[in-house]
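I opened the notebook to record what I looked up in this structure, entry by entry. Each entry keeps to one topic.

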Amino acid sequence: MKDGFDREIDYLRVSLTERCNFSCVYCMPNGQDKKQCRDLLTESNYKQIIQIFRELGIDKIRFTGGEPLLSPHLENLIEFSKNLGIQDIAITSNGQGLSKNLIRLKEKGLKRVNISLDSLQEKRFKEITKNGEFSEIMASIVEAQKLGLKTKINCVLIKGINDDEIVDFLNLTEKCDIDIRFIELMPIGEGVKYEGVNPDVVLRSIPDVEYFSQQGSNTEGYYQKKGSSGRISLINPISCSFCDHCSRVRLTSRGTIKLCLHAKEEIDLTKYMTDSKILKEYIINSVLKKPEKHNMKESGTSSSEKYMYQIGG
Ligand code: SAM
Ligand code: SF4
């Protein structure tokens, strides 16, 4: 399926819940009332929408949240996606309690895992996430790798909070064959209260690395220290470097489509759920309206009215 700018849309990110067992300082509002979380889609609603997107050419899907492991639908929807023939099935998770679920999820069709880890220091990790158990997250990373799942660590760098750990993360790539993605903090939700780290500053902190581009690929290039098996990549959403070849749309647990993470507009699918044919037409027409790019760099802010825990990142 193409959007109005001739971009191939083949990647669906599905948020399964707004709920989360963590309360990361830059993501979840302090004292967020869990009752305010509104997950409206049922499992059969999710299946109906995923099936339509599959018919329209989606061949990559990522389940996220909130915390996707808190959703009772995760396992079934991974299996459903696999049975539809979707090859690339991934989750983004905070990793808490993930290790004991990984074998089942892999059996159902899970191929790739992104695990968020913003600090390698146990005490600091707890301060950032509030409820995170550092050892559990590390166990999940080890287990995912042991099972042969493609595993990446997501680390959001924040000035004055964890920006002194860039080299520690780099050193981890010497010891482990792991991909670490430094994600630029976005001015969205609670993120507006913090200051991110400029990609140039990150690069200056890791001088002895070689850059490898991944031409022909939709994904970012990476940096590698000589002799290391692991790799570092920089995800710089603010500079808008991905917009030209953005291939993704996002489905929220409230049944809306976000055509751009940073756009205010959302497309409400719930009113068309009773007729799959009409729903499909509606999706096709909606995708044509996907914005060309966001303007976060110019405006310094995201136009999204939703927080990241409500969209899924
Ligand atoms: N709970 C899961 C997790 O933390 O991996 C999935 C949802 S979480 C919203 C997805 C990703 O968004 C995480 O890697 C998180 O660090 C990132 N994130 C949240 N708020 C952000 C912000 N303001 N800027 C950049 N990344 C953010
Ligand atoms: Fe939860 Fe993920 Fe947001 Fe942290 S980043 S509060 S784990 S949704």
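I took a residue as buried if 20 or more other C-beta atoms lie within 10 Å of its own, as exposed if 12 or fewer do, and as partly exposed in between, with C-beta atoms placed from the backbone. For Cys155 I listed the contacts (C-beta atoms, placed from the backbone, within 7 Å) beyond four places in sequence, and these are Leu117, Asp118, Phe169, Ile180, Arg181, Phe182 and Ile183.

Basis. I noted that this is a predicted model, in which local features need pLDDT of at least 70 and side-chain atom pairs count only at pLDDT 80 or more, while totals for chains, interfaces and linings use all residues. Residues are numbered from 1 along each chain as its sequence is written, and chains are lettered from A and ligands numbered from 1 in the order in which they are written.

Strands. I counted 10 helices and 12 strands in the chain, where helices (H or I, at least four residues) and strands (E, at least two) are DSSP runs numbered from the N terminus. Strand S2 (residues 60–64) is largely enclosed by the rest of the structure, because 4 of its 5 residues are buried. Two strands pair if DSSP finds at least two bridges between them; S1 (residues 11–15) runs parallel to S2 over 5 bridges, with Leu12 opposite Ile61, and S2 in turn pairs in the parallel sense with S3 over 4 bridges, with Phe63 opposite Ile91.

Gln145. I placed Gln145 in helix H5 (residues 134–146), and it counts as partly exposed because it has 15 C-beta neighbours inside 10 Å. The C-alpha atoms of Gln145 and Leu157 are separated by 24 Å, at 12 residues apart along the chain.

Ligands. I took a residue as near a molecule if its C-beta atom, placed from the backbone, lies within 6 Å of it. Around ligand 1 there are 22 residues, of which Ser116, Met186, Gly191, Met308 and Gly313 come nearest, and strand S3 (88–93), strand S5 (150–157) and helix H10 (308–311) each supply at least two residues of that shell. Around ligand 2 there are 13 residues, with Cys20, Phe22, Cys24, Cys27 and Asn94 nearest.

Methods: Contact = placed C-beta atoms within 7 Å.
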